[in-house]
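Dear colleague,

I am passing on the structure below, and would be grateful if you could look through it alongside these notes.

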Amino acid sequence: MVSQSNKERTFARLSRLEALPDILPSQPGVPRVDVSVAVRSGAFASSDAQTRARLDVPAEDVFASATSFLSRTCGYEDQVARFAEAGMLFFYPRRDLLDASLDERRARGGNGAVSRVFVDDGRLLLETGRVLIGFDPETREADRKLIMDRAGLLELAGSGLPQGVWRALVLDGTPAVEKCLNLLDENKVTFAEPDFIEQVGGRLTPDDPLFTQQWHHKAIDCEAAWDMSLGTDVRVAMIDNGFKTDHGDLAFAAGSGFFRTTSDFQDADFVPGTLGMPEGDHGTATAGMIAAIKGNGFGGCGVAFESKLMGISCLNDQVGTQSTLGRAIAYAARPDLEGRAEAGADVICCSLGPDGAVWRMSETLRLAIEFAATQGRGGLGCPVFWASTNGNYPIGADEVCSHPDTIAIGRSTEADTDDSSGYGRELEFLATGARVRLPSGNGGYGFKHGTSFAAPCAAGVAALMLSVNSQLTARELRQMMRNSCDKIGTLPYILGRNARFGWGRISARRAVEAARAGV
Amino acid sequence: MEIVNDVHVSPPGPAHSADTSGGAPGPLTPGSPLPGNLPAGSLQSLVDSGWAVVPHVAGAPQGRDEDAFLPLATGEHGGLFVVTGALTVQFDAHLSEDDIARLLADHGLHVRRKLGFGGLYLVSGAGDQALAKAMDLNGLDQVSFAEPVLVEPLGAR
């Protein structure tokens with residue numbers, strides 16, 4: 001069954017594209033560094049003159065340079081500069097070049113691949129004749145080919161694309177945006193979008209001094225994911241015993257706070273903010289896995305270092321009630337339940353629980369998890385990640401981690417193996433959690449080991465995903481994470497999963513790609 | 001779930017000092033023989049968090065504030081729980097706040113806090129009879145469920 005929401009999102013995205021109908025790019029070639037430098041230094045008049053001088057298009061076909069318009073007026077300096085570094089300059093063509101076919105444009109020295117220039121959400125997008133199409137997984141091969149033939153599409157090699165996504169060339173001359181809008185009428189098409197050319201910055205490699213020791217970033221391909229998403233402004237709640245809130249590599253967002261047990265142990269009062277927050281080595285590390293600060297010259301960085309970290313402390317003595325734990329989860333999703341006005345979390349993570357085989361869940365905690373998973377994020381639901389038992393036990397005996405709304409995470413090693421944490425059909429997937437380098441309660445960094453750190457790793461990836469596709473429901477996000485796992489280990493995966501690895505080991509890159517594609 | 005008759009516990013705080021006065025038995029210390037078949041790991045987690053596990057004696061020994069002590073219970077798989085005097089209760093959705101207050105008062109209970117999710121109420125007043133009160137409430141048509149609020153070891157993974 002095709003999700004209507006995927007189509008609606010794609011349709012909405014394509015419908016809001018704004019064409020810049022009078023602007024074309026030149027074809028890529030020799031880097032135009034002088035134009036780039038002029039743009040970056042704000043010398044816009046100079047950049048226009050240099051653009052005119054460097055264009056390979058004959059002067060009679062050029063009306064004016066568009067460099068300063070896009071850089072200064074539109075605020076796309078960085079993208080324009082980077083396109084210039086790739087040899088592509090933007091200009092206003094004379095009418096007859098604009099009206100010419102792509103082949104004719106190419107013959108006259110112009111760009112024969114780009115038909116139009118669009119802007120969307122601050123991004124310059126160059127329309128080509130290629131499209132990307134997603135099909136319902138149940139679509140038969142013959143039906144897929146029939147749809148593509150009917151649409152006048154030539155299937156292109158699709159290596160590197162997510163499963164279920166095809167790349168194709170439009171043969172009938174219809175612009176790619178309009179072609180995609182038409183394709184969305186097909187029942188079996190889950191999405192269709194132009195294969196735009198856009199400026200993608202160089203691989204983001206943090207320069208934090210301990211980054212190279214944080215092997216987990218490489219293991220789950222964070223750097224490739226960061227090219228697409230930094231988790232900007234996605235709110236991630238980490239529920240733990242306590243946090244070192246003045247750690248130099250952590251910043252706690254509004255909505256952080258702690259539950260202070262009453263003296264009779266029957267109740268707890270919520271205390272907003274970080275003043276008086278119980279300290280804890282464990283929570284400091286789990287929080288750091290998600291959102292340790294990048295680029296501050298200290299420590300390493302988190303998986304989603306631009307996300308907003310809500311640190312929520314409860315059960316700080318490592319004993320407490322599931323009633324309080326449930327309140328912490330419900331609060332994370334809906335702070336108004338505790339009388340607070342802050343926005344709720346988009347992602348919730350908890351690494352508390354016994355390491356034995358059995359954990360019985362109270363009805364109160366069950367209702368809290370279900371509340372967050374269905375009522376959080378304005379009804380889209382919060383994904384709730386939970387560290388599975390570190391012991392070599394079946395997760396099925398843990399009623400919290402085996403609840404259908406809880407995403408149970410096991411830990412993987414630097415060698416990309418499982419590490420004998422909880423197993424069974426309730427195991428969702430593995431994330432890096434064995435000897436990972438993370439912030440410590442002493443203000444420095446240390447090596448941490450446990451499912452406790454795998455779960456926030458997964459939560460960080462979820463934040464990266466929601467940053468590029470904020471309309472995903474918790475269930476859609478969960479399915480995408482499953483589908484995008486790397487199938488590590490030697491055990492066979494039956495129908496996509498096995499008992500020791502779940503759906504595999506999380507891949508940040510593939511998960512973000514899937515979120516961006518909406519499949 | 002069964003109440004442990006041999007011991008009870010007091011939370012971290014002044015009750016500890018009162019406990020050892022007046023000749024009453026003192027808290028169990030590491031290495032003390034455990035009463036019954038109590039799970040050592042869970043018991044140790046409580047002690048590590050500052051709770052005192054004290055042999056239960058008939059009557060109120062001199063100098064001991066009996067109200068400061070809470071019952072201990074074991075679960076079906078060896079879990080160890082401190083039974084507080086509170087319950088969480090979900091009522092029939094058609095009951096008004098007044099109906100709920102009256103129903104609870106009939107059982108010596110009162111609303112301490114409305115939790116805001118699942119239609120749940122945190123209810124106090126059960127003293128050391130939380131398990132029995134939960135059983136009573138669960139027998140009522142107007143109650144969807146009632147469960148005692150239990151303190152348990154919930155460590156970091």
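How many residues of chain A are in contact with chain B, counting two residues as in contact if their C-beta atoms, placed from the backbone, lie within 7 Å? The contact involves 37 residues of chain A and 32 residues of chain B.

Please bear in mind that this is a predicted model, in which local features need pLDDT of at least 70 and side-chain atom pairs count only at pLDDT 80 or more, while totals for chains, interfaces and linings use all residues. Residues are numbered from 1 along each chain as its sequence is written, with chains lettered from A and ligands numbered from 1 in the order in which they are written.

On the side of chain A that touches chain B, strand 16 (319-321), helix 13 (322-333), helix 14 (363-375) and helix 15 each supply at least two residues, the elements being DSSP runs numbered from the N terminus (helices H or I, at least four residues; strands E, at least two). Helix 14 of chain A gives the largest share, 5 residues.

Strand 16 of chain A also runs antiparallel to strand 7 (residues 143-153) of chain B, joined to that strand by 3 bridges (pairing requires that DSSP finds at least two bridges), and A:Gly320 stands opposite B:Glu152.

Within chain A, the axes of helix 12 (residues 281-291) and helix 15 (residues 451-468) come within 7 Å and cross at roughly 30°, the axes being lines fitted to C-alpha atoms over the stretch in contact, with angles from 0 to 180 degrees between N-to-C directions. The two helices are therefore roughly parallel, a term for angles under 35 degrees. Among the residues that meet there are A:His282 and A:Met289 in helix 12 and A:Phe453 and A:Gly460 in helix 15.

With best wishes

How values were computed. Angles under 35 degrees count as roughly parallel, over 145 as roughly antiparallel, 65 to 115 as roughly perpendicular and the rest as oblique.
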